[in-house]
Amino acid sequence: MIPAAPGVDLASRVIGGSVVAASDESFGFKERLVDPAEPAFVPGTYDLRGEVVDGWETRRHAGSGGDWAIVRLGAPGRLRAVDVDTRFFSGNHPQACRLDAAVLAPSADVTDPAVEWTTIVESTALKPDSNNLMAVSDRRRWTHLKLSLATDGGVARLRAYGEVIPDPVLWSDITVEVSGLEQGGRVEWCSDAFYSDAGSLVAPNRPRNMGDGWETRRRRDIGPDDHDAVVISFAVPTDLKRVEIDTSYFVFNASLEAAVFGTRVRPDDEHGWAAAPFDIPVLGRVRLAADARQVFVVDARAVTALRVQAYPDGGIARVRALGIPTGQGLQQLREQWKECS
């Protein structure tokens, strides 16, 4: 079994995260902080700024105030942990950092001295060439992060792991893509991720190539019912109306068939998603076309998560589940919103 990541990276460019301001970016562009790709480095490669780095790097001698960068989260939410990734920065990494957060409008002037920043991670020493994972205990919902360095230096990536907190006003009286990352959908588990990560299935964008999807290893000695599977959870219970299964770019290696089942339960502290009964038929086993988007009309009530079964193996680029939140689901959203505000 392949577990999912501990949380969604709310700062990622994949869901619209943006580095909106920085004190300096003389050696490495600030936008690289939210690049979804893993950092890389080729020693001895130079341009007019010096050695090419895959991250944000400031000039030397920042002074006692240090340097800073401000990130607008792609999806506002509640944070669990922040990773200040200094990989490939060894002799030039910052000595320490602090994380602050705020709730601001997308168009707000984030450099305004009147902005009220709340510290969510106190000043913490940073290790060179390492992932520096820091827990966040504040349970409020945030829209912006400020990474303040104690010195000058370079940071490859800033990952802000947590959960999306949707605005209940935006969910009222409409059909929502409840499986989408931006709406609180999450890949909770998959049977195999040999070639690529199942997390791509709920990405908001169109797939870019065959690597931007979920592809499993080739099964051997299979029976007619053997399959791979993935579990996708929703923020709240939903009455499902449509399911889209997109095999774009999978021309010779798409999954041949698929079936979708739902559940009305959510895991608790004792029982995870593996114990959830996916006993609601959402979509019967159907043949899939290669390199195509297929939309199916469904009718499944009060569903909290889906199990998508791919027969017998292969690739799927996206899974999109659309529906209307139940009355209970909308009430859950409102309570969550009040709790995090």
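Let's start with a charge over a ring: the charged end of Lys-146 sits over the ring of Trp-68, 5.3 Å from the ring's centre. "Over" has a set meaning here, namely NZ of Lys or CZ of Arg within 6 Å of the ring centre and within 35 degrees of the ring normal. This is a predicted model, so local features need pLDDT of at least 70 and side-chain atom pairs count only at pLDDT 80 or more, while totals for chains, interfaces and linings use all residues. Residues are numbered from 1 along each chain as its sequence is written, and side-chain values use heavy atoms, with hydrogens and water left out.

**The overall picture**

- You'll find 2 helices and 22 strands in the protein; these are DSSP runs numbered from the N terminus, with helices being H or I of at least four residues and strands E of at least two.
- A compact globule of 341 residues would have a radius of gyration near 20 Å, and the protein's 22 Å agrees with that. The radius is taken over C-alpha atoms, and the globule rule is 2.2 Å times the number of residues to the power 0.38.
- Along the principal axes, the C-alpha atoms fill a box of roughly 65 × 50 × 35 Å.
- Of the 341 residues, 51% count as buried. Buried means under 20% relative accessible area, exposed means over 50%, and partly exposed is in between (1.4 Å probe, protein chains only).
- Among contacts with a separation of 6 or more, 80% come from residues 24 or more positions apart; a contact means heavy atoms within 4.5 Å.

**Rings and charges**

- Searching the whole structure turns up 2 aromatic pairs. Rings of Phe, Tyr and Trp (its six-membered ring) pair if their centres lie within 6.5 Å; planes under 30 degrees apart are stacked, over 60 edge-to-face, and the rest tilted.
- One of them is the tilted pair of Phe-41 and Phe-88, at 6.1 Å centre to centre with 40 degrees between the planes.
- Phe-41 is in the loop between β3 (18–22) and β4 (46–47) and Phe-88 in the loop between β7 (68–85) and β8 (96–102), so this pair ties together parts 47 residues apart in sequence.
- Phe-41 is partly exposed at 27% relative accessible area, and Phe-88 is partly exposed at 40%.
- Phe-194 and Tyr-195 make an edge-to-face pair, 4.9 Å centre to centre with 85 degrees between the planes. Phe-194 is partly exposed, at 46%.
- Arg-285 has its charged end over the ring of Tyr-311, 3.7 Å from the centre.

**Around Ser-196**

- Ser-196 belongs to the loop between β15 (186–190) and β16 (214–215), and it is buried, with a relative accessible area of 10%.
- A polar atom of the Ser-196 side chain lies 2.8 Å from the backbone oxygen of Gly-213, and one lies 3.0 Å from the backbone nitrogen of Glu-215.
- Leaving aside neighbours within four places in sequence, Ser-196 is in contact with Gly-211, Gly-213, Trp-214 and Glu-215.

**Around Ala-310**

- Ala-310 is in strand β20 (residues 293–311) and counts as buried, at 2% relative accessibility.
- Not counting residues up to four places away in sequence, Ala-310 touches Trp-214, His-227, Asp-228, Ser-255, Glu-257 and Ile-316.
- Val-230 is 80 residues from Ala-310 in sequence, but 8.4 Å away in space, C-alpha to C-alpha.

Definitions and conventions:
Polar contact = N/O pair within 3.5 Å; in protein donor to acceptor, adjacent residues only side chain to side chain.
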